[in-house]
Amino acid sequence: MLVYDVVIVGAGPAGSSAAYDLASAGANVLIVDKENFPRDKPCGGGLTTKTVNALRFDISEVIYQECNRISLTNNFRHPVKDMASQTIAYMTERRDFDQFCLDKAIKAGAKFSVMSITHITRQNGQAVTLTTQDGRKITTPFVIAADGSKSIIRRIALPKKDRLQYAFALEGRVAMPEKYDRQRLDFDFFMVPHGYGWVFPKGDHLNIGIGNFRDRTIKDKKISKRILTDYCRKKLGHAEIESVIGHPLGGGGWSAKISSDRILFVGDAAGTVDSLLGEGIYNAIISGQAAAKAILEAMNHNNCPVMLTQKYEDSFNVIRKDLAFCNMMGKGFYGFPSLFYLSLLISPLRRRLLESFAKGKTVSGKNGMTGRIFNFPETLLPIS
Ligand SMILES: Cc1cc2nc3c(=O)[nH]c(=O)nc-3n(C[C@H](O)[C@H](O)[C@H](O)COP(=O)(O)OP(=O)(O)OC[C@H]3O[C@@H](n4cnc5c(N)ncnc54)[C@H](O)[C@@H]3O)c2cc1C
């Protein structure tokens, strides 16, 4: 018996955003997560303006700091500071943010259950059956796989060649120093190969982290607790970091497969983390919303799977273009660090970038930086 119109696996920002839209439109939605909420999630918890704008509801309750200033270095050399006229990033804690978004979806009518999905079986192209760790089975016409960068659904539903490209990041918590600029975001580019170190203020503490966003061959080998500790010592004069935790980030979404029959992949499970700055929450949210929209359209057309994948591909194309652009920029930025860092030292360029972030532009957005700063024609975007 088909009880739910849609089952969403994973209650991070991608899953909750999809659940919210589907439930608000009257669909019968079940969202499951292997963790009981609230739960911690390794993350810097930095939300750009475009991320906050993309959400369907106000999240000021779970914003602990707004930042409009930046401090940049090229591996501690050539420091530069600047500020935007408005907020460029909103600081949250994923434990609270994810619970808040899930609560909104539940209030909109979605059902939530703690379940770990371990297996899926397709039912003659008509439905999908999900099996939980304790042997329960749920059959549904549509599945949204929002189960993050280690997506088990992706591993089961798609062949090995469709595995994602991974980045890796590590973060921890540091006590707030007595005198500290709480509206400033610190980025120390290239202090790890193909990545950067960051310090984000969170009201009563700092979040410190390091991430490698490009070179999959060196991955976590160059991102270790020891390197994070050294970074902390260099930045803050001590090495007292608590709750150090790392996690892979799912990338490669500019060309990744994002659907399989009646299953749509969203967020990290679709490789939507950008490989320039490692930002993932924005694309997680908008891909979740795009999947919800595609399912609602398919439901209006007799649960048609062709309509489902076509509609999702159409909306996802915007994300693909942005990811492709970030990938191209990342190749240049991390491949030629000194040259690209030089551009950040040019005050009008840097200010333009900052103001674009503050206004909620995407890196490649139509009205965003492409037209005004980098000016790459769309046809040059490397989407395969
Ligand atoms: C250290 C670090 C720092 C980061 N900092 C930032 C940042 O500051 N800003 C930003 O925008 N992005 C950041 N990111 C990226 C961001 O965290 C991710 O892109 C984002 O969480 C993706 O959301 P999601 O909903 O796709 O997946 P997730 O948030 O990973 O959620 C997936 C959910 O699926 C559940 N799940 C997994 N498997 C199963 C299963 N088998 N059954 C049931 N449930 C399952 C998990 O428990 C989890 O709750 C960072 C990442 C890391 C690792």
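Student: How many bridges join β9 to strand β10, and do these strands run parallel or antiparallel?

Tutor: Six bridges join β9 to β10 (residues 127-132), and the two strands run antiparallel. Before we go on, keep in mind that this is a predicted model, where local features need pLDDT of at least 70, side-chain atom pairs count only at pLDDT 80 or more, and totals for chains, interfaces and linings use all residues. Residues are numbered from 1 along each chain as its sequence is written.

The names come from DSSP runs numbered from the N terminus: helices (H or I) have at least four residues and strands (E) at least two.

Now turn to the helices. α1 and α3 (residues 94-108) pack at about 20°, their axes 8 Å apart, so α1 is roughly parallel to α3. Axes are lines fitted to C-alpha atoms, for helices over the stretch in contact, and angles between N-to-C directions run from 0 to 180 degrees. Under 35 degrees counts as roughly parallel, over 145 as roughly antiparallel, 65 to 115 as roughly perpendicular, and the rest as oblique. In the contact of α1 with α3 there are eight nonpolar, three polar and two charged residues. Asp, Glu, Lys and Arg count as charged; Ala, Val, Leu, Ile, Met, Phe, Trp, Tyr, Cys and Pro as nonpolar; the others, Gly among them, as polar.

α1 also meets α6: their axes come within 7 Å and cross at roughly 35°. On the α1 side the contact includes Pro13, Ala14 and Gly15, and on the α6 side it includes Ile281, Ala284 and Ile285; contact means C-beta atoms, placed from the backbone, within 7 Å. This contact divides into 11 nonpolar, five polar and two charged residues.

α6 in turn packs with α7 (residues 305-335), where the axes come within 8 Å and cross at roughly 155°. The pair is therefore roughly antiparallel. Among the residues that meet are Asn283 and Ile286 of α6, and Met307 and Leu308 of α7. By class, 11 are nonpolar, three polar and three charged.

α1 and α6 come up again around the ligand. Together with β2 (29-33), β13 (165-175) and β17 (242-251), α1 (13-24) and α6 (281-299) each supply at least two residues of its shell. Of the 38 residues there, Gly10, Gly12, Gly44, Gly267 and Gly280 come nearest; a residue is near if its C-beta atom, placed from the backbone, lies within 6 Å. The shell has 18 nonpolar, 12 polar and eight charged residues.

Pro38 lies between β2 and β3 (46-48), and a cis peptide bond with omega of about 0° joins Phe37 to Pro38. Asn75 sits in the loop between β5 (69-74) and β6 (77-83). Although Asn75 is not a glycine, its phi is positive, at about 50°.

Key. Two strands pair if DSSP finds at least two bridges between them. Two residues are in contact if their C-beta atoms, placed from the backbone, lie within 7 Å.
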